[in-house]
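Let's walk through a protein model together, one piece at a time. Keep the picture open while you read.

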Amino acid sequence: MGGTGGKKKPPKKGDDKPKKPERAPVRNEANNGLSNLRGTIAAARKPGEKDSARSQFFINTVDNRQLDYRGDAPPAMTGFCVFGRVVEGMDVVDKIKAVKTGRKGFHDDVPKDDVVIEKASIAST
């Protein structure tokens, strides 16, 4: 019987962290009336693919209105969907923003040391 014997495949060059299985992409809902302002949390997606957001997100550390919804076509105009905001701990976000970064694999501006968000919760409005 064939198999890998339980051994993990080595990571690809420039990809030294194991990847979690991805879920199906979600529909872009950037036309929800919310704006990419400082402290908001938005779904990361591929710039040229409107409905490509999966599990990654970013926290806006400055106002980024250029990332707001501006129309349905072309995909670059569809914006990045804001789905939350930091209500406490923006000082921590600013500390994360200040960590040293560099090139890693095919990516620029990657933290030199891992940054781990240990806890996030949903606050009632």
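This is a predicted model: local features need pLDDT of at least 70, side-chain atom pairs count only at pLDDT 80 or more; totals for chains, interfaces and linings use all residues.

Residues are numbered from 1 along each chain as its sequence is written, and side-chain values use heavy atoms, with hydrogens and water left out.

Now for the layout. The protein has 1 helix and 5 strands. Both kinds of element are DSSP runs numbered from the N terminus: helices are H or I with at least four residues, and strands are E with at least two. How much of the protein is buried? Of its 125 residues, buried ones make up 21%. Here, buried means under 20% relative accessible area, exposed means over 50%, and partly exposed is in between, using a 1.4 Å probe and protein chains only.

Next, find the open sheet of 3 strands, which has the order β2-β1-β3 with antiparallel pairing. Its edge strands are β2 (57–59) and β3 (82–85), each of which pairs on one side only. From one strand to the next, the twist averages 25 degrees; the axes behind such angles are lines fitted to C-alpha atoms (for helices, over the stretch in contact), and angles run from 0 to 180 degrees between N-to-C directions. What does it take for two strands to pair? DSSP has to find at least two bridges between them.

Zoom in on β1, residues 40–43, which is joined to β2 by 3 bridges, with the two running antiparallel. With β3, strand β1 also pairs in the antiparallel sense, over 3 bridges. Ala 43 has Phe 57 as its bridge partner in β2. And which way do the β1 residues point? Thr 40 and Ala 42 point one way, Ile 41 and Ala 43 point the other way, and all are buried.

Rolling a probe the size of a water molecule over the atoms shows where empty space is left. The search uses a 1 Å grid over the protein atoms alone: a cavity is a set of points where a 1.4 Å probe fits but cannot get out, whereas a pocket is an open set with protein on both sides within 12 Å along at least five of seven lines, and lining residues have an atom within 4 Å of a point. The second largest pocket has a volume of about 940 Å³. It is lined by 23 residues, and the closest to its centre are Ile 41, Arg 85, Val 86, Ala 120 and Ser 121. The elements giving two or more residues to this lining are β2, β3 and α1 (90–97).

Now look for charged partners. By the rule that a salt bridge is a side-chain nitrogen of Lys or Arg within 4 Å of a carboxyl oxygen of Asp or Glu, the count comes to 4. One of them joins Asp 94 and Arg 38, whose closest N and O atoms are 2.8 Å apart. This pair links distant parts of the chain, 56 residues apart: Asp 94 sits in helix α1 and Arg 38 in the segment before β1. Asp 94 counts as partly exposed, at 29% relative accessibility, and so does Arg 38, at 39%.

Another salt bridge brings together the side chains of Arg 103 and Asp 108, at 2.6 Å from N to O. Arg 103 is exposed, with a relative accessible area of 55%, and Asp 108 is exposed with 55% too.

Finally, two single residues. Asp 109, in strand β5 (residues 107–111), has a phi near 60 degrees, a positive value in a residue other than glycine. Asp 109 is exposed, with a relative accessible area of 58%. Arg 70, in the loop between β2 and β3, is partly exposed at 47% relative accessibility. Its C-alpha atom is separated by 8.9 Å from that of Ala 30, a residue 40 positions away along the chain.

Note on methods. Grid points are joined across faces, edges and corners, and a volume is the space filled by probe spheres set on the points.
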